[in-house]
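Please have a look at the structure below, and then we can go through it together.

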Amino acid sequence: MSSSWRLLDTGSLSAAHNMALDKVILSARSRNLVPNTVRFLQFSPQCVLVGYHQAVELEVEEEYCRNKGIEINRRITGGGNLYLGDESQLGWELFAPRDSAGIPNRLEDMYRLMCESAIAGLKRLGVTASYRPANDIEVNGRKISGTGGTEIGDAFLYQGTLLTDFDVDTMIASLKLPIKKLEDKQIKNFKNRVIDLKEVLGYLPPMQEIKKAMAEGFADVLEVDLVPGGRSTSRVKVRWRNWKGSRRKNRWKKYRRFRTPKGRPRRTKGIPERMSKLDAEKNSHADVRHLP
Amino acid sequence: MENLQWQVPEDLYYDRNDYWVKIQRDEAVIGLTAFGQYNTGDILYLELPTEGTALTRGKKIGSIESGKWVGKLTAPLTGQVIESNQKVESNPHIVNQDAFGEGWLYRMLLQDPAEVAELMNATGYDRWIAEQIQKEKETTVL
């Protein structure tokens with residue numbers, strides 16, 4: 001008999017609220033306050049998110065984002081910088097204990113399982129997608145979804161974004177990417193390495209239809225029943241009240257999880273030279289694998 | 001049971017979160033095992049505890065990122081950090097290259113040396129790895 005998971009659709013929220021919800025749901029799951037959960041999320045206004053360990057000033061065109069009203073925030077999951085258009089991408093997330101039946105302990109096996117469940121959803125929309133190790137989903141060799149995850153206590157969060165109607169030009173303008181130094185032809189080539197649902201199908205299905213198909217894919221591959229539900233228990237509400245403002249603060253957005261050579265944690269002002277070099281080196285390898 | 005696939009040095013102790021522990025009188029050096037790396041993958045970022053940090057066995061003390069996954073580092077023993085390995089924080093890939101040598105994570109002062117008895121020796125860890133692999137084969141969906 002398959003187990004029941006909660007299906008949560010939180011609609012369009014700001015980046016700060018979405019990031020706070022990630023933390024609240026994951027920590028609530030680790031304390032057994034909420035059931036295993038699949039969440040769909042969208043972002044409004046548009047935003048840029050950096051990975052947990054990344055530095056905003058090295059990854060984001062901050063002035064451009066300020067001028068265009070693009071919010072900047074930090075995920076609790078790993079991976080690179082990404083741009084999320086105003087309701088033009090669909091985020092999906094799974095929350096469950098690490099030792100859930102059928103969830104591999106080895107991370108690479110887990111990535112595969114999670115991506116295969118999203119691929120099953122895409123198949124229901126008529127899209128033939130495939131898994132590209134370690135964390136991506138592609139259609140005809142072009143990336144349509146990137147994924148990542150994290151854990152709190154014994155629970156994990158695995159999340160991905162599905163490009164539905166993606167604005168590549170704004171992505172390039174809002175993120176610091178090595179490709180900006182490239183020739184136009186190479187930039188065009190870069191753009192051809194991502195694809196969205198609208199381009200694959202020739203039209204964009206209604207978002208509810210996309211969510212329904214994805215939910216069925218998750219339920220099928222993970223062998224679970226999805227039951228629509230809300231975030232309603234009082235203990236979770238308290239956690240939400242305590243956390244919902246936390247991701248608006250610069251302390252979270254700008255905090256860099258690296259230390260100076262003296263070994264003291266520091267904020268982002270005055271990045272240590274060795275870390276600048278390290279990030280520059282990492283950025284030099286940045287390509288479509290990191291996006292979004 | 002002998003484990004042929006992952007290096008498990010005889011002179012070390014191990015915990016169930018895949019850390020190796022080298023005991024040197026009242027101190028210990030901690031690192032990630034080869035099997036731990038098999039589970040984790042290539043390490044991209046490490047956030048280690050700083051000198052003086054109090055550690056509680058089993059509790060989170062830092063973070064580790066691999067393949068877009070942010071995982072937690074936990075303490076295999078209770079005590080206090082004496083030194084963290086700055087080299088691996090700057091270049092985490094060293095852990096993948098030389099897990100039992102240059103890739104050590106931190107040195108700590110033991111608060112309760114009796115805790116060491118609760119760790120596994122090489123034979124016990126070998127057996128534990130085999131059990132994990134078997135469990136994985138039985139439960140994986142795909």
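B:Tyr14 has B:Trp20 of E2(B) as its bridge partner. This is a predicted model, in which local features need pLDDT of at least 70 and side-chain atom pairs count only at pLDDT 80 or more, while totals for chains, interfaces and linings use all residues. Residues are numbered from 1 along each chain as its sequence is written, with chains lettered from A and ligands numbered from 1 in the order in which they are written.

E1(B) and strand E2 (residues 19-24) of chain B run antiparallel, joined by two bridges; strands pair if DSSP finds at least two bridges between them. Helices (H or I, at least four residues) and strands (E, at least two) are DSSP runs, numbered from the N terminus. In chain B, six strands form an open sheet in the order E1-E2-E3-E9-E8-E5, with antiparallel pairing. Strands E1 (13-14) and E5 (54-55) of chain B each have a single partner strand at the edges, so one side of each lacks a neighbour in the sheet.

## A covered strand

Strand E4 (residues 43-47) of chain B is mostly covered, with five of its five residues buried (20 or more other C-beta atoms within 10 Å of a residue's own, C-beta atoms being placed from the backbone). Four bridges pair E4(B) with strand E6 (residues 60-66) of chain B in the antiparallel sense, and B:Ile43 stands opposite B:Ser66.

## Two nonpolar cores

A nonpolar core joins buried Ala, Val, Leu, Ile, Met, Phe, Trp, Tyr and Cys residues through C-beta atoms within 7 Å. The largest has 73 residues, of which A:Cys47, A:Val48 and A:Ala118 touch the most other members. Helix H1 (residues 15-30) of chain A gives this core its largest share, nine residues. A second, separate core of 33 residues includes B:Leu12 and B:Leu119.

How values were computed. Buried ≥ 20, exposed ≤ 12 C-beta atoms within 10 Å, placed from the backbone.
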